[in-house]
Amino acid sequence: MTARFFDKTLRDGVAILATNVFIVVSLLFLLVPIAATLIMSFDSREYIGYWPPPGYSTRWYERFWSSPIFISGLVMSLKLACLSSVISVVVGMLIANALVRYDFPGKHALNSVLLSPLVVPGIVTGFSMLGFFSLVGIRETFLRLLIAHVIITIPFAVKSIQATLLGVDRALEEAAMSLGANPLTTFFKVTLPLTKPGIVAGSMFAFAASIDDVAVSIFLIDPFTSTLPVNLFSYMRSEYTPLIAAASGILMVFTVATMLAIEKITGLDRMIGIVNAVPLAPKQK
Amino acid sequence: MRKWSVVVLLILPAVFFMAIFAGALLTIVVQSFQTYTPGRIVQEPYVFTLENYRQYFAVGGPYLGFLLDTLRISAVATALSVILAYPLAYKISRTASPKIRKTLLIVLVASFFTSTMVKVFSIMMFLGDNGVLNSLLKIAGLEPIRFLGSEAAVVIGLIYTLFALAALALIGPIGNVSPTLEDAALNLGASRIQTFFKVTLPLSMPGIVAATLLTYALAVSSFIIPLFLGRGSVTMMSVIIYRRFSDSFNYPGGSAMSVIVLVTTLSIAYGLTRILSGGARRPT
């Protein structure tokens, strides 16, 4: 009996230790390549050579900032990301309210449809939109990109807001209305502030998804209007220099900024709670 | 009557955008039945044909193999991603120390928000011929290994990109398994290992399925990762479709392949959900 006790505790101890080691290793796995890229971005050589770099310089960042293509791409990416995240959050707020508060025919189907941009390959989305825009006569590149980016960011916005909205107590809204507030005032003074974590999370996810996108945007750009990831993509197909590392460094700044923003506004813990309150698989009944 | 007009107003903007999306996908479906004449950019007039699909499913042809390769590589990457992500998700979900949870979350969320281009380039930097790994091997006096252009590189790249999503998707389902149940099992004499396999894992299964399906869908659709890490030797569907559209202007062929990929992904998702939700129904 004593032998069996030690066996169990020993096995458990080993399992726990192994799990913790495993977790540390997987975290390193996540961090090391990115760290290597950041170090490379300060490489003083003119090419990508063996690691570690023999000397350091900021020339790659200088080259990035003096490249009109990359700068205009960066500006375009930021414009698109900001606009599309705002639009999809507004749209998401409206429809999340409908999905959570009301019952109507086709509700479940609509739920699945809203997630569909995630399942369709980006290339297919982008190319199909190109054909569609030509068909209906939308020629303005920025408009094309904007509509496409809203479509691919809507799933994130809707899901985040929906999750938070589920947790908002209707009693609070009813209390406000019984005190004399009309539905609009209730919405702005009660529902909206309570939904804030979901709105913040949704807009951050939407922003990240928009700034990250290559596959959808590839077919929709024109020589004068392009996004930073697409520029990077074209560059990477023919060149292999530390300039890519510098561009990556710039993009990482946005990653960190996004995270700081989340932490400041709602805190990472709450955001994770939001992300998981709603099941992700659209087909689950 | 007023209630209906409210609902309509609320769903209208989203429906508007989804209608555009649906319309766009419809043009792809229509295109897939168009006859392809090589050398022409605009295929006119419209002649309905099943040739694009027939060509795709031709026995002995290369196309079916591409689809199967895509499904296989994605399955391996997805399985590994979910398995590797589970411990991290478990720790974040169950750990008592807020400091540890915060640190782990920061790394996880940072990875999630890192741009795919950055991730792909980082893997290229790491596994490349002059990369960090080979540099270390060189310092140790060993032979450099060529990673890029192999399936392994693509799988590693996929895992790298999907890991954060899988972990984030698993945190909720694991958290929903009440710790009281685990405590009960431990009190009844089960070891931690037994508790995990007999209580935690089965109860978190629906969430695992959801996370796996989402990860798989993203793996099958992946474009950048196989393009740069596979270097042309590893063929995955998104890359082939891209080449059809942009290099050979074979819009009908590319459209047919797009439809096939979509139908396959949706069928797998639907089929798996039906099979597994039937078994996962458990009396509480």
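**Notebook: salt bridges and the A–B interface**

I began with A:Arg170, which at 41% relative accessibility counts as partly exposed (buried means under 20% relative accessible area, exposed over 50%, partly exposed in between, with a 1.4 Å probe and protein chains only). I note that this is a predicted model, in which local features need pLDDT of at least 70 and side-chain atom pairs count only at pLDDT 80 or more, while totals for chains, interfaces and linings use all residues. Residues are numbered from 1 along each chain as its sequence is written, chains are lettered from A and ligands numbered from 1 in the order in which they are written, and side-chain values use heavy atoms, without hydrogens and water.

I then looked up the partner of A:Arg170 and found a salt bridge to A:Glu173, with the closest N and O atoms 4.0 Å apart (a salt bridge is a side-chain nitrogen of Lys or Arg within 4 Å of a carboxyl oxygen of Asp or Glu). Both residues lie in helix 7 of chain A, three residues apart, about one turn of the helix (helices, H or I with at least four residues, are DSSP runs numbered from the N terminus).

I saw that A:Glu173 also forms a salt bridge with A:Arg101, at 3.2 Å between the closest N and O atoms. This pair links distant parts of the chain, 72 residues apart, with A:Arg101 in helix 3 (residues 68–101) and A:Glu173 in helix 7 (residues 170–178) of chain A. A:Arg101 counts as buried at 15% relative accessibility, and A:Glu173 is buried too, at 7%. I therefore recorded A:Arg101, A:Arg170 and A:Glu173 as linked in a network of salt bridges.

Next I turned to the interface, where the rule finds one salt bridge between chain B and chain A. In it the side chains of B:Lys102 and A:Glu263 meet at 2.8 Å, N to O. B:Lys102 is partly exposed at 29%, and A:Glu263 is partly exposed at 31%.

For the interface as a whole, I noted 86 residues from chain B and 89 residues from chain A in the contact (heavy atoms within 4.5 Å). The area buried between the two chains is about 8,300 Å², of which carbon and sulfur atoms give 81% (buried area is the accessible area, 1.4 Å probe, that two parts lose on being put together, summed over both). B:Phe21, B:Phe113 and B:Phe121 supply 9% of the area that chain B buries against chain A, more than any other three residues.

Terms used:
Helices (H or I, at least four residues) and strands (E, at least two) are DSSP runs, numbered from the N terminus.
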